Amino acid sequence: MPSEPLRGLYAVTPQSADTEALVAACVACLEGGAALLQYRAKALEPALALLQARRLADACRAHGVPFIVNDSIPLALACLADGVHVGRDDASVREARIAFPTGIVGASCYADPALARDARRDGADYVAVGSMFASPTKPAAPAAPLAVIAAAREASGLPVVAIGGITTHNAPAAIAAGADMLAVISALFDASDIRAAARAFSRLFDGPHGEMNVRAQPRAV
């Protein structure tokens, strides 16, 4: 279970076989203020994934930031992650909670508030909804309306992560719709200055509920 409120930038790694470059990029995200880091490596060889996950877990511990592994409970356990995130094609939320009785468990709920309700029942700590906007990582993902953020919160009572095509230009709309966290891949790791990009996302949450920053930022484009 998280010891601090889940709020802010949720950095999600791109897949990369270049461990040193990946670690350096993730450290830049952490230095820029990322509140969580998720390791996502669906197609890497297990030995390389474990090496990378352990390196990133160490980096997160050094920065006091929770480290989450996507999909794989065995990998999350092997690298001593703080938790695991599961989707519809992965282990169940219930299995994840059993594996991490005191860790952080997240669940992808897409555009279905009923999945968010079920995730809370089975022990999730947060739910993720999307794709909020067109996503270069998952271009075929169905779009989710901004209203699903509030619907997922109402159904589950849990913090809600907005994911999918999040940029600093459209992020304020997601925050205004009730997102507690922004899961970002491309707009972070493809930035020319990753630390500055992380800082820009993190600053959107500087106010007590993000209100001042939301009003000061452009709306979704």
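The model is a predicted one, in which local features need pLDDT of at least 70, side-chain atom pairs count only at pLDDT 80 or more, and totals for chains, interfaces and linings use all residues. Residues are numbered from 1 along each chain as its sequence is written, and side-chain values use heavy atoms, with hydrogens and water left out.

Q: How many residues of the contact of H1 with H2 are nonpolar, polar and charged?
A: Ala, Val, Leu, Ile, Met, Phe, Trp, Tyr, Cys and Pro count as nonpolar, Asp, Glu, Lys and Arg as charged, and the others, Gly among them, as polar. On that scheme, the residues of the contact of H1 with H2 divide into ten nonpolar, three polar and three charged.

Q: Is strand S1 mostly covered or uncovered?
A: Buried means under 20% relative accessible area, with a 1.4 Å probe and protein chains only. In S1 (residues 8–12), five of its five residues are buried, and the strand is mostly covered.

Q: Which residue in S2 is the bridge partner of Val12?
A: Two strands pair if DSSP finds at least two bridges between them. S1 and S2 (residues 36–39) pair in the parallel sense over three bridges. Within S2, the bridge partner of Val12 is Gln38.

Methods: Buried means under 20% relative accessible area, exposed over 50%, partly exposed in between (1.4 Å probe, protein chains only). Helices (H or I, at least four residues) and strands (E, at least two) are DSSP runs, numbered from the N terminus.
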